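Work through the exercises below with the sequence and the model open. Try each task before reading its solution.

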Amino acid sequence: MRRYSAFAIAREALRHHTGWERAWRSPEPKKRYNVIVIGAGGHGLATAYYLGKNYGIRDIAVLEKGWLGGGNTGRNTTIIRSNYLQDPSAAIYEKSRSLYETFSQDLNYNAMFSPRGVMMLAQTQHEIRGYQRTAHANVLQGVQTEFISPERVKEIVPIINVGGPRYPVLGALWQPRAGSARHDAIAWGYARACSGMGMDIIQKCEVTGVRSEGGVVTGVNTSKGDIDCEKLAIVVAGHSGHLAGMAGFRLPIESVALQALVSEPIKPCMDCVVMANTVHGYMSQSDKGEMVIGGGADGYNNYTQRGSFHHIEETIRALVETFPMISRLKMMRMWGGIVDMTGDRSPIISKTPLGNIFINCGWGTGGFKSIPGSGWAMAELVAKGEPGPLAAEFGLDRFKEGRFIDESVAAGVAH
Amino acid sequence: MLILQCPYCGIQCDETELAPGGEAHLKRYGPGSTDEEFEAYLFERKNPLGVHFERWRHANGCGKWFLAARSTTTLEVFGTYKAQTTEPPAEIVAAIKAKLPDWEGRQ
């Protein structure tokens, strides 16, 4: 794998860009691998990458039904933050955020990570108390956040209307080191690094069955033939329930649509991410100048990657009140992703009822921000067979034992 | 936009008039059941790729709960029916079979 550098650009400029190689290989599957990862989205590729980097396991195939990074990795609003209330959530999302900070250097791939700050508006008395509590919890967890005044909000985001009328801005939870990154680059960067370590990334290869013997996995059936494996990692977000069904167990997961949209590009007007959870809308400005807008998830099961129009209307209505200047903006594109929601809105990184099958799912509406941390924790689980400190609390058994990591109550909304 | 007919008041309601209520026909386990049964009742969901039986409430209308059969892959609605039943009625099953001959029935 040739390194990308300023020197490489100069060299290629002199020889008419004939020396660039493919970022990753597209091999045919072998008959057997040590580890098979199902799903070449951010989480699956990160799992494979940290298995190789941290544990030296490189005999890995990453199988993907569609194309690499074509699911939720390419369908989100690229927000990265770690201002969570519960300790296990804060730990894994903060790990993730810190890995994003060094992603470009670590993988030699420009992720365009921009620690531009994330602001969560408090627009009710309840939210003020909730976010002050989160800020105090974050101090103990080592996550840098602070609760700021409406005046400071207006100073950071001049285009905001702090005066209401329905929901005046009463303060905000501010995480200055949070931000955003380029979503495609995350998937492509991991794919290139995995391929460079000798792993096989096999696209357009649908898993149609999971084979096991005596309760231990032996391989998978795919549209490109049967492949044997010693360990299997299922990292397929919205389709987790479907894959678990093939393996013969059920999950506490429901798949629903979450939508986002972007406006026409405008000049720079907002240099951080603003989330307004009471009215259910969040917005940031992309490097191209588009306003990137997200809202709430639908309430019903859906695999179609498109959602309800009235949710878009609600989101825009709320944001127009908070940001009056966007009222004349034309919306350019909208898209939906299928998110896998658990009962407590926290993810699952867990062993399963079948031996040597591990599952990583349930990230719901918080998938993008968690990609590196999720891969890091999942790799440890797959390599050692037991969860490490980051994943220990996120086991499937928590539902039986009532040990919820209840971010659905902590956040009050999709988060 | 999803449009369902309320089986009580007969109104064609779009989804802004309705509140989704999750999977239908869950069997409630109570005292005397095992932990596994109670966990499954509370959390495990079928979440199928295809025909889904689900609960809806005509929230901004008559306020009653009803059930619907709908495809999660095409958003096609096969029919709605009243909630006082533990199994989908025969005409709903027939309507699904007419559209999807390969459907294996409610698992």
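**Exercise 1.** Find how many bridges join strand 5 and strand 6 of chain B, and in which direction the two run.

*Solution.* Start with strand 5 (residues 65-71) of chain B. It is joined to strand 6 of chain B by 5 bridges, and the two run antiparallel. Strands here are DSSP runs of E, at least two residues long, and helices are runs of H or I, at least four long, both numbered from the N terminus. Two strands pair when DSSP finds at least two bridges between them. Next, take one residue: B:Leu67 stands opposite B:Tyr81 in strand 6 of chain B.

The model is predicted: local features need pLDDT of at least 70, side-chain atom pairs count only at pLDDT 80 or more, and totals for chains, interfaces and linings use all residues. Residues are numbered from 1 along each chain as its sequence is written, while chains are lettered from A and ligands numbered from 1 in the order in which they are written.

**Exercise 2.** Give the strand order of the open sheet in chain B, then state which strands stand at the edges.

*Solution.* The order is 3-4-5-6, with antiparallel pairing. Strand 3 (19-23) and strand 6 (77-82) of chain B each have a single partner strand, so one side of each lacks a neighbour in the sheet. From one strand to the next, the twist averages 30°. Angles run from 0 to 180 degrees between N-to-C directions, with axes fitted to C-alpha atoms, for helices over the stretch in contact.

**Exercise 3.** Describe how helix 2 and helix 7 of chain A pack.

*Solution.* Helix 2 (residues 42-55) and helix 7 (residues 183-196) of chain A pack at about 35°, with axes 9 Å apart. Among the contact residues are A:Leu45 and A:Tyr49 of helix 2 and A:Ile186 and A:Tyr190 of helix 7. Contact requires C-beta atoms, placed from the backbone, within 7 Å. By class, the contact has 10 nonpolar, 2 polar and no charged residues. Ala, Val, Leu, Ile, Met, Phe, Trp, Tyr, Cys and Pro count as nonpolar; Asp, Glu, Lys and Arg as charged; the others, Gly among them, as polar.

**Exercise 4.** Work out how many residues of chain A touch chain B, and which elements supply them.

*Solution.* 20 residues of chain A contact 17 residues of chain B. Helix 8 (240-247), strand 12 (253-265), strand 15 (290-301), helix 9 (309-322) and helix 11 (398-401) of chain A each supply at least two. The chain A side divides into 7 nonpolar, 10 polar and 3 charged residues.

Methods
Two residues are in contact if their C-beta atoms, placed from the backbone, lie within 7 Å.
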